[in-house]
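Have the structure open while you read.

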Amino acid sequence: MKTFIQTGDVITVTAPTGGATSGAGVLIGSLFGIAAFTAEDGQSLEIATTGVFELPKNPTTVLSVGDAVAWNDTAHQVDAPGPGLYPIGIATHAAGSGVAAVTVRLNAVATAAA
């Protein structure tokens, strides 16, 4: 196709203020992804926008398989959807209270704070 650029599974962006760490969630405007490598503030960074990733979770949140999840960009962790949080996907495994991580399938769609 003449206009095709890429599949969009991985997007190149500019690392946000404070930079990004490999494997960490990154929010750039309304685009959420997982950093493919560590990059300093302002450097080019590739982020995965699709796939399943283990991400840090609010340890007090209880999630079941299939629950919608959101990104808390202040705490840099997954939580249940709520005001000020960015919907990013669904939990693919249950994660109870006291559990610090959850497996998430990313939506690969633009997000906005609820």
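The largest pocket in this predicted model has a volume of about 240 Å³. Its lining is made up of 14 residues, and those nearest the centre are Gly19, Ala20, Gly25, Val26 and His76. If you want to know which element gives the most to that lining, look at strand E2 (residues 25–28), with 3 residues. Sorted by class, the lining of the largest pocket comes to 7 nonpolar, 6 polar and 1 charged residues.

Now for the rings. The structure has 1 aromatic pair. The partners are phenylalanine 32 and tryptophan 71, sitting 5.0 Å centre to centre with 50° between the planes, a tilted arrangement. Phenylalanine 32 belongs to strand E3 (residues 31–35) and tryptophan 71 to strand E6 (residues 68–72), so the pair ties together parts that are 39 residues apart in sequence.

How accessible are these two, along with glutamine 77? Here are the values:

| Residue | Relative accessible area | Class |
|---|---|---|
| Phenylalanine 32 | 6% | buried |
| Tryptophan 71 | 1% | buried |
| Glutamine 77 | 16% | buried |

Glutamine 77 counts as buried because its 16% falls under the 20% cut-off.

That brings us to the glutamine's surroundings. Glutamine 77 is part of strand E7 (residues 77–79). What does glutamine 77 touch, leaving aside residues up to four places away in sequence? The list runs Pro56, Lys57, Asn58, Pro59, Ala70, Trp71 and Asn72. Trp71 in that list is also the tryptophan of the aromatic pair.

Key: Residues numbered from 1 in each chain as written. Predicted model: local features only at pLDDT ≥ 70, side-chain atom pairs only at ≥ 80, totals over all residues. Heavy atoms only, no water. Phe/Tyr/Trp six-rings, centres within 6.5 Å; stacked < 30°, edge-to-face > 60°. Helix = DSSP H or I, 4+ residues; strand = E, 2+ residues; numbered from the N terminus. Buried < 20%, exposed > 50% of the residue type's maximum accessible area, 1.4 Å probe, protein only. Contact = heavy atoms within 4.5 Å. 1 Å grid on protein atoms, 1.4 Å probe; cavity = no way out; pocket = protein on both sides within 12 Å on 5 of 7 lines; lining within 4 Å. Points joined across faces, edges and corners; volume = space filled by probe spheres on them. Nonpolar A, V, L, I, M, F, W, Y, C, P; charged D, E, K, R; others polar.
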